[in-house]
Amino acid sequence: MCGIVGYIGYGDASEFLLEGLRRLEYRGYDSAGVAIIDPDGVVSVRKTTGRIERLASALASAPLPGSIGIGHTRWATHGPATEGNAHPHYGGDRLLTLCHNGVIENFQALKTKLESEGYVFQSATDTEVIAHLISSCLDRQESPVRDADPHAHLAQAVKEALEQIRGTYGLAIVFRDYPGVIIAARLGSPLVLGVGTDEHFIASDASPLVGHTDKIIYLSDHQIAVLTADSLRVTHRDHGRVQPSVEALQADTSDVTLNGYSHYMLKEIFEQPESLKNAMRGRLSEDDATAMFGGLNLTPQQLGSVDRIILTACGTSWHAALLGEYLIEEFARIPVEVEYASELRYRNPPVDPGTLVFAISQSGETADTLGAIREMKRKGHHTLAICNVVGSSIAQEADGGIYLHAGPEIGVASTKAYTSQCLVLSLLALYFGRMRHLSFDAGQRIINSLHGLPSKVLAALQTGEEVKQIAAKYCDATNFLYLGRQYNFPTALEGALKLKEISYIHAEGYPAAEMKHGPIALVDEHTPSVFIVPHGFVYDKVMSNIEEVKARGGPIIAIVEEGDTRVAELADDVVTVPSVDEFLQPFVSIIPLQLLSYHIALLRGCDVDKPRNLAKSVTVE
C-alpha cells in the first residue's frame with residue numbers, strides 16, 4: 001500500500017527519496033510528498049497528487065537542499081486523494097513531521113480528545129492523529145535531561161503515543177528542534193533499515209536500498225529505531241534496547257530496473273524460467289526421490305502426523321493455493337482446504353490438532369493473511385508461510401516456512417510469484433507424498449518432470465506474437481469467460497483475474513463443466529470464451545463444453561497442447577503450448593494468458609504496471 005523512504009547522512013536527500021519512491025510505485029498510490037531538513041535545520045514539505053513525476057517537477061522548479069529527509073506515496077484510506085491529505089504531515093506547532101503506512105482504528109476518539117486540547121487538524125487522515133499525539137507527549141515532558149543519549153526523550157514520546165494507538169503503522173519521523181535524527185517505528189506494516197557508511201536509510205521494502213547499501217535490518221513489530229548519520233539504535237516496547245540482526249541484501253540494480261523491457265510485468269513474465277529454477281534450487285533430492293526444505297522448523301514426526309492442511313491466501317495467492325489443494329490431495333492423499341484469509345480470520349472453524357496451516361503471500365505483508373495466521377497461532381496450531389520477501393511480517397510471524405526466491409516482483413499483477421508459489425506447492429505435494437504412500441519411482445518421475453519445467457515455460461513464452469494478434473482481435477470486448485477443468489480450473493481463475501486487474505475488462509473463471517449451470521447465459525457473439533484444454537483425462541469433457549459455446553455463436557480462444565489438431569476445428573483462435581505432465585499443465589498454460597492480459601491492456605491504453613485502484617502489497621483491511 002503506502003510507501004515510505006527516509007535518508008540521513010551527508011548526501012543529497014531529495015535524490016534518494018525520489019528514486020526510492022519511484023521504486024515503490026508498484027505498491028499503488030494517489031499522491032506523494034517529501035519533507036527535507038535544510039542545512040539551517042528548517043523542515044520543508046513538498047506534496048503533490050498524482051504520479052511521482054509531478055513531485056519531481058515541483059522539486060526541480062523549487063529544490064529542497066538537505067541531507068536528511070523522509071518521503072511517502074499514499075494510497076488513500078481516510079480522506080480523498082488531495083494535496084492536503086498527502087503525507088508528510090505536521091504534528092503540533094510543526095514540532096515534528098511524519099509519514100505513515102497503516103490504519104489507525106481508534107483515530108476518531110483520539111482526534112476528538114486532541115481537538116479538545118487545542119490541536120488543529122489540517123487533513124481528513126488518520127495519520128495526522130499520530131503526529132499530534134506524539135507532539136502532545138513531547139509537550140507534556142518535563143525538561144529532558146541531555147545525557148549520553150540526546151534523543152532518548154524523543155523515542156520515549158513516540159513510545160508513549162504509540163501505546164495509545166490501536167491499529168497498524170510504519171512510521172518515519174523528523175523533528176524541528178532535533179534536525180540530526182530520524183525515528184522509525186513499526187507494527188504490522190513493514191520497514192527496512194539500510195546501514196551505510198556515515199548514512200542510514202529507511203524504506204517500506206528493500207527495493208529502494210538496492211545500489212545504496214548491501215546491509216539491511218528488518219524492523220520487527222513494536223520496535224523503534226533512532227537513526228543518525230553515524231549511529232543506529234533499536235528498542236522494543238517490552239524488552240528495551242535490542243541488538244538488531246544485520247543481513248545481507250541479496251539483490252542488485254538489475255532486479256529493480258526494466259533492463260530494456262517496456263514494463264515490469266513483461267519483464268517478470270519472461271523471468272519465469274529463471275524464477276522457477278530458483279524456487280527448485282537445492283530442494284530436490286535425487287537419492288530420496290523427494291523434496292527438501294530447510295525452514296519448516298517442524299520435526300519429521302510432527303510433519304508425519306499431519307492429517308489435514310489449510311492453505312490460506314488472497315487474490316492470486318489464493319489461486320495458487322487452489323492448485324496446491326489438487327496437487328497435495330493427489331500426491332499425498334492429505335485432505336486440504338483452501339480458505340480466503342479475509343474470511344478465515346473472522347471465522348471459528350473446527351480445526352483439530354493434526355491440522356497444519358500454510359499462509360501464502362508474495363509480499364509477506366498481506367493484512368488479511370497475517371491476521372488469519374495470527375488467529376490460527378492463537379488457537380495453538382502450527383503455522384507455516386510461503387512468501388517471497390525475506391524478513392516480511394508473515395515470515396516473522398509464522399513458525400517456519402519456504403521462501404520463493406523469485407526476486408523482486410514490481411508489477412502489481414503477479415506473474416512470476418504466482419508460478420513460483422505453484423512450484424513450491426508442487427514440491428510440498430511431493431514431500432508429503434513421499435512421507436506417505438508415493439513410491440520411489442513415482443517420486444523420481446515427478447522430479448524429472450520438474451527439472452524439465454523451466455525449458456517448457458521458456459518454449460511457452462514463444463507464443464507472444466500469436467497472443468498479440470489475438471489480443472488485437474478481442475481488445476474491445478467487455479466480457480470474457482475463462483474455462484478449465486481439474487488442474488486448469490485455478491489457471492482459468494488466474495487468467496481471468498489478470499485480465500480484470502490490468503485491462504479493466506470484466507472476466508470470470510469457471511470449471512468448464514459449470515458452463516451449463518449458469519454462465520452459458522452470458523455467451524454471445526461479443527463474449528470470448530478462453531478454454532484451457534490440454535490433453536488429459538477430462539479432455540473429451542472439455543471438448544463437449546467447447547461445442548456448447550460454439551453452438552451459441554460465442555468466439556472461442558483455446559490453449560492447447562502441441563500435436564492437438566482437433567480443437568482447431570472448433571476454436572476461432574488457438575495457442576499451442578508445450579506438452580508436459582498433467583500436473584504441470586498450469587505452468588505452461590498460464591503463460592499465454594498472462595501475455596494476453598498484458599497485450600490487451602496495452603491496446604486499451606491502460607497503465608500495465610500501476611493499474612487503477614490496486615496496490616501490490618495490501619497492508620490494510
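In what order do the eight strands of the open sheet run? Notes below.

1. Ground rules: this is a predicted model, with local features needing pLDDT of at least 70 and side-chain atom pairs counting only at pLDDT 80 or more, while totals for chains, interfaces and linings use all residues. Residues are numbered from 1 along each chain as its sequence is written, and side-chain values use heavy atoms, leaving out hydrogens and water.

2. The sheet order is 3-2-4-1-10-9-11-15, with antiparallel pairing. Strands here are DSSP E runs of at least two residues, helices are H or I runs of at least four, and both are numbered from the N terminus; two strands pair if DSSP finds at least two bridges between them. The edges are strand 3 (43–49) and strand 15 (247–248), each pairing on one side only.

3. Strand 1 (residues 3–8) pairs with strand 10 (residues 200–203) over four bridges, antiparallel. Within that pair, Tyr7 sits opposite Phe201 of strand 10.

4. Helix 1 (residues 13–23) packs on the sheet and touches strand 1, strand 2 (31–37), strand 4 (68–74) and strand 10; contact means heavy atoms within 4.5 Å. Its direction makes about 160 degrees with that of strand 1, using axes fitted to C-alpha atoms (for helices, over the stretch in contact) and angles from 0 to 180 degrees between N-to-C directions.

5. On cysteines, the whole structure has zero disulfides (sulfur pairs within 2.5 Å). Cys387 is in none, and its nearest cysteine sulfur, that of Cys314, is 14 Å away. Cys387 is also buried, at 2% relative accessible area (buried is under 20%, exposed over 50%, partly exposed in between; 1.4 Å probe, protein chains only).
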